Amino acid sequence: MSERTPMIEMRSVSKHFGSVIALSDISMQVYSGEVMCLLGDNGAGKSTLIKTLSGVHQPTHGEMLLGGEPARFKSPAYALDAGIATVFQDLAMIPLMSITRNFFMGREPTVGWGPFKRIDWKLADRIAKQEMAKIGIDVRDPSQPVGTLSGGERQCVAIARAVYFGAKVLILDEPTSALGVKQASVVLRYIAKARADGLAVIFITHNVHHAYPVADAFTLLKRGGSLGTFRKENISREEVLNMMAGGAELESLDAELAEFQRSDSEKNADTEETATASKTRLAAGQ
Amino acid sequence: MKSSASPQADAVETQDERIQKVSFWKRALSRPEFGALAGTVLVLAFFLVAASGTGMFTPAGIVNFLEVAAQLGIIATAAALLMIGGEFDLSIGSMIGLAGILIAIPAVEYGWPLWAAILLAFACAGLVGWINGNLVNKTGLPSFIVTLGFLFILRGLAIGVSRLLTGRTQIGGVHDHIPGDWFASLFSGEVATGLFAWMAEQGWIATNFAGNPVVTGIPVSIVWWLGLTAVATWVLLCTPYGNWIFASGGDANAARNSGVPVHRVKISLFMFTAFSATIFACLQVMDTGSADTIRGLLKELEAIIAVVIGGALLTGGYGSAIGAALGALIFGLVQMGIFYTGVNTDWFQVFLGVMLLVAVLFNNFMRKKAMEAK
């Protein structure tokens, strides 16, 4: 597996904002046909990392390789052209614009020439409808505003758009965090489909039940640095959960951990240090 | 439904049938300019009754209120595009004053050909728009504040430059320079004069004592207004650039992340509003033959009123150029209607304010409706 060329690779990438070191020495490889799950608490640098990947920020040090070739993106438009599509959690769609207008935003199909170049609405509407149908969402009228769609459907429009425009790398920023169970499963199924289509997917989430079924590998970020990448076969769901709950800082967070593990074995909580005894009692007393 | 459908309709896919269920009214209601259209019909109906027999709806009267609407409509079109793009321009009115000075002084005082003076005004307007756009982009300040600054800067410049170079704030005598200047003639006079003469011959429109028609043609400002509205509508609805305007105003971040050049779009929109103010100034200077530093006072607010009546959202991302044109038409109808009906013109402003509030409330309501699942 490691002999393959990664679809996208970061080599010792750092990003500084003035005196703030937002990312330091991050290395990561993502292969096509794989889902890399990015874990980390708030402020760990997940957002900076994906914004660096998608061309919003430029790395201060280090380099990025796309398909083995060094890549540097001046703006999101360059990253898009190179095949890196990012679906941001809440910034993906413009509610007042129609599905078709959103779908083709920035890359409208045109007919005609010179000053008479115009959007090919017939083609655009048909493609938008088609692509949405492919992921199981039946759009009655692609000219209806995106605001009339549910949250999961909106995420799917954004993902379908990225896939349609030939993305090789798909970056998803907490696509399921605001969604209900059923809607999240729609998005997850679509992520699995994108992986099967050979895309390299970088998936950020706080929900292990969303992350574990679709991910092939996990990278843990903490305070701007990487704590390592773990293959799914080498790590259990509980270990991922622990990493998400604080990783190496586990000992100092055992009160919370006791909460998580209470249902499995309440005895574990009883043997914790005395410093957390009061919290444990609280938990046991419920 | 089924029983009334023709055999051909049954043959069409079942999916199309569901689209049919979205009634014509609901579709019309979800268009941004619907409110303005309803308002225009109401106002028109009102004055057709109230001002009947006063000459408001004779050819001369119609040209009168259309000319008022046209002048406002020209800047309202640009203001509409800018507002859909998510920004304001409060410097439009001052730009009108400055552009007038920039046309009149070189032509009258320094003997420039008029076309060169007009080009100078357009170049300065482009620069002002470019600075406005860049300041808004680079600083991230609300365009309200940036262009409020330019409202005073440009007005002050107009007065200062004019007094410095000529010692006056009014420059007359532009009329002498118009004949033979093809570029200036784009902004002066009337079109379709032959048609109107012919219609007068046929007895369709009234003639004066000399046998000439009372209305000799369509003022060129009306042509500019309709032309700009048509072009702006086409750009908004049919071109990628139009989609970028909606996207930039709807959510600049989302647009940028999708590869839309938001900064370039906003700069070009600010330049367009400054250009529209210059067109306004050209028409006014050619029409009156003079420039005055206080011209265009409060025009920026009137333009915003027309745009909002036309269904645009102050927050951007939603609106229409046709709506802005209708807003300007309502403006013209009411202003001239009040004059013709003999109501004290003081009431015009009251009506304008009420109209604005009603339009905003109506727009808010319609936006909520549009967001509901159909």
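Tutor: Chain B has a radius of gyration of 23 Å, which agrees with the value near 21 Å that a compact globule of 374 residues would have (taken over C-alpha atoms, the globule rule being 2.2 Å times the number of residues to the power 0.38). This is a predicted model, in which local features need pLDDT of at least 70 and side-chain atom pairs count only at pLDDT 80 or more, while totals for chains, interfaces and linings use all residues. Residues are numbered from 1 along each chain as its sequence is written, and chains are lettered from A and ligands numbered from 1 in the order in which they are written.

Taken along the principal axes, the box filled by the C-alpha atoms of chain B is roughly 75 × 60 × 40 Å. Of its 374 residues, 47% are buried, that is, with 20 or more other C-beta atoms, placed from the backbone, within 10 Å of their own. Among contacts in chain B (C-beta atoms, placed from the backbone, within 7 Å) with a separation of 6 or more, 78% link residues 24 or more positions apart.

Chain B holds 17 helices and 4 strands, defined as DSSP runs of H or I with at least four residues and of E with at least two, numbered from the N terminus. The pair to examine is α7(B), residues 114–139, and α8(B), residues 143–166, whose axes come within 9 Å and cross at roughly 150°; these axes are lines fitted to C-alpha atoms over the stretch in contact, with angles from 0 to 180 degrees between N-to-C directions. The crossing is right-handed. From α7(B), Val128(B), Asn132(B), Leu135(B) and Val136(B) take part, and they meet Ser143(B), Val146(B), Thr147(B), Phe150(B) and Leu154(B) of α8(B). Sorted by class, this contact comprises 6 nonpolar and 3 polar residues, with no charged ones; Ala, Val, Leu, Ile, Met, Phe, Trp, Tyr, Cys and Pro count as nonpolar, Asp, Glu, Lys and Arg as charged, and the others, Gly among them, as polar.

Conventions:
Left-handed = near helix turned anticlockwise from the far one by under 90°. Contact = placed C-beta atoms within 7 Å. Buried ≥ 20, exposed ≤ 12 C-beta atoms within 10 Å, placed from the backbone.
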